[in-house]
There are 2 protein chains.
Amino acid sequence: MSPVAHNFADRLIEAIQRTRAPVCVGLDPVYERLPAAVREKHVAPCPAILEFGRGIIEAVADLVPALKINSAFFECHHACGIQTYDTLVREARLRGLLVIGDIKRADVGHSTDMYARAHLGGVKPESSQDGDLPDAVTVNPYLGVDGVQPFMEAARANGRGLFVLVQTSNPSAKEVQQLKLADGGTVAERVASLVALWGAAEGLVGQCGYSAIGAVVAPQEVELTRRLRVAMPQSVFLVPGFGAQGKTAREVALCFKKDGTGAIINASRSVIYAHDDAQYAGQDWKSAVAAACREFVSQAAKCATAL
Amino acid sequence: MSPVAHNFADRLIEAIQRTRAPVCVGLDPVYERLPAAVREKHVAPCPAILEFGRGIIEAVADLVPALKINSAFFECHHACGIQTYDTLVREARLRGLLVIGDIKRADVGHSTDMYARAHLGGVKPESSQDGDLPDAVTVNPYLGVDGVQPFMEAARANGRGLFVLVQTSNPSAKEVQQLKLADGGTVAERVASLVALWGAAEGLVGQCGYSAIGAVVAPQEVELTRRLRVAMPQSVFLVPGFGAQGKTAREVALCFKKDGTGAIINASRSVIYAHDDAQYAGQDWKSAVAAACREFVSQAAKCATAL
């Protein structure tokens, strides 16, 4: 791997350009929602989820740069769920996808070190597990830099990245993130300025000008999205809220810079459960996923160039 | 189990009174720090951590009401770590300890549902796994009530509890938690008022007057601790920072009410790594842990009555 390609942001931007798809597909597998054709073959959830995940990887690998795998949907199956998660992370990477582990972790001191080791390999990657680890993870900023620093160090050491939660897509996001501060702006804007600071640190900014430290930014108010885009000029935005969560192209477009770079839009259910969508009736489930993914990529590409 | 005892706060307060120990012991096992006597017997980390955890449970079970197990130290060993975590949760509960899963999770929508199912059994507990699940977990408030609600519902349905991160013990806690708000107070104080609101909901307050929704509160400034104690009258405080993290008895005392209830102090490394402490030299490691635990309980009990 060349020094240039080693930086996560460089790898991500290159993959987006190559696929012409500023997106990632979110793998949030709920056993009850899997295609009957998959469920019928297995008596336990984990093997069914593994087969489903493999089918998703196969269906989207040539269409998109990245897969986001949410740990919550695997943790609820305990050890066998984690085994399934690790297997899918490894196989998606082998298939050429960048993998974002959507783990939303943060702790302090030694505990954060352990999370960073678990998910990004720490600063001394254990080679036996390293291939199972995602290219990037999501982290929570409530604990300040202490909750993020070991992830940053692992990202720098291993050519990996992170996306810090700044502005989330849920209705109650405003309860904490939109609190107005005494010296101006909101909590989310202050977190954005921390992310900009963290991301500018030595060894994290790639040749492409973006940092390995990105941000999760869900479009809320238009002016807020604009301010966040300005506040984090070197951060790639991971944008939830497309598809099932119902944000418009115009709202999402503001997460991109004018040159069409700087954001990666996620869709989960609208792609992976395409077998439930009347629009794709009559196709086998993997063809339905590929068709829904193509439609998603087409819409996302319009967002990137809408400004 | 009686209806009274079903509420987590009632179970916790009863256990604190029975043991006369307003504490929990934190199990944060790092393989490299385990006693040589344990490491020598195993070629892989997980069996060593399992034996160590079992020894800790045995050493402290008659001395304290609760064990806090931090998921970070198990996640770094992937599936076999999670298996070990689940086993220790189950065995600690069978031994009569209340178990707090220190997971610091939060997500939105279906993802939070899945975390709540994984860690507190959701609203329809899967009986096969239910005994492996902790009595309570820690959660992160950055996403607002959406990140917490499914945990609250599971807590209500299953007689379990949660501790919401309000004020953490790390130096950079201030970067977000201590931001001053335009209409007065800080982010942590606003989160405290949310915790008070959430905890007062129907079905969560026990006969003891405390709610199943507690708060993680690390003593920082004296006045801040006082304000947080007033802001969350029905919440038990889970207090980190004792022992290795170096808070004084006076600072910790402010987390209790004047009647000596309302807080549970955690110590991790100063108890579980007592074999490294010159004070306990010459004892086998489990005896050292029990001795360190007795000393910790004695100091904590003084904090509870120091006001």
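**View 1. Four salt bridges are found across the interface of chain A and chain B.** Welcome to the contact between the two chains, shown here in a predicted model. In one of the salt bridges, the side chain of Arg105(A) meets that of Glu75(B), with N to O at 3.0 Å. Polar contacts join the chains too: 37 residue pairs are counted between chain A and chain B, both residues at pLDDT 80 or more.

**View 2. Several helices and strands of chain A touch chain B.** Those that give two or more residues to this side are the helices α5 (72-75), α6 (78-94), α7 (109-120), α10 (174-177) and α11 (187-199), along with the strands β3 (98-105) and β5 (161-167). Look out for α7(A), which gives the most, with seven residues. By residue type, the side of chain A that touches chain B has 30 nonpolar, 15 polar and 12 charged residues.

**View 3. The contact draws 57 residues from chain A and 57 residues from chain B.** Together the chains bury about 4900 Å², and carbon and sulfur atoms give 59% of that area. If you want to find the residues of chain A that lose the most area to chain B, pick out His78(A), Met114(A) and Tyr142(A). These three together make up 16% of what the chain A side buries.

**View 4. Here is a closer look at α11(A), with its buried residues.** Among them are Val187(A), Val191(A), Leu194(A), Val195(A) and Trp198(A). Glu189(A) is buried as well. The end C-alpha atoms of α11(A) lie 18 Å apart, which agrees with the 18 Å that its 13 residues should span at 1.5 Å a residue.

Note on methods: Residues are numbered from 1 along each chain as its sequence is written. Chains are lettered from A and ligands numbered from 1 in the order in which they are written. This is a predicted model: local features need pLDDT of at least 70, side-chain atom pairs count only at pLDDT 80 or more; totals for chains, interfaces and linings use all residues. Side-chain values use heavy atoms; hydrogens and water are left out. Contact means heavy atoms within 4.5 Å. Buried area is the accessible area (1.4 Å probe) that two parts lose on being put together, summed over both. A polar contact is a pair of N or O atoms within 3.5 Å; within protein, one must be able to donate a hydrogen and the other to accept it, and residues adjacent in sequence count only if both atoms are side-chain atoms. Helices (H or I, at least four residues) and strands (E, at least two) are DSSP runs, numbered from the N terminus. Ala, Val, Leu, Ile, Met, Phe, Trp, Tyr, Cys and Pro count as nonpolar, Asp, Glu, Lys and Arg as charged, and the others, Gly among them, as polar. The expected span of a helix is 1.5 Å times one less than its number of residues. Buried means under 20% relative accessible area, exposed over 50%, partly exposed in between (1.4 Å probe, protein chains only).
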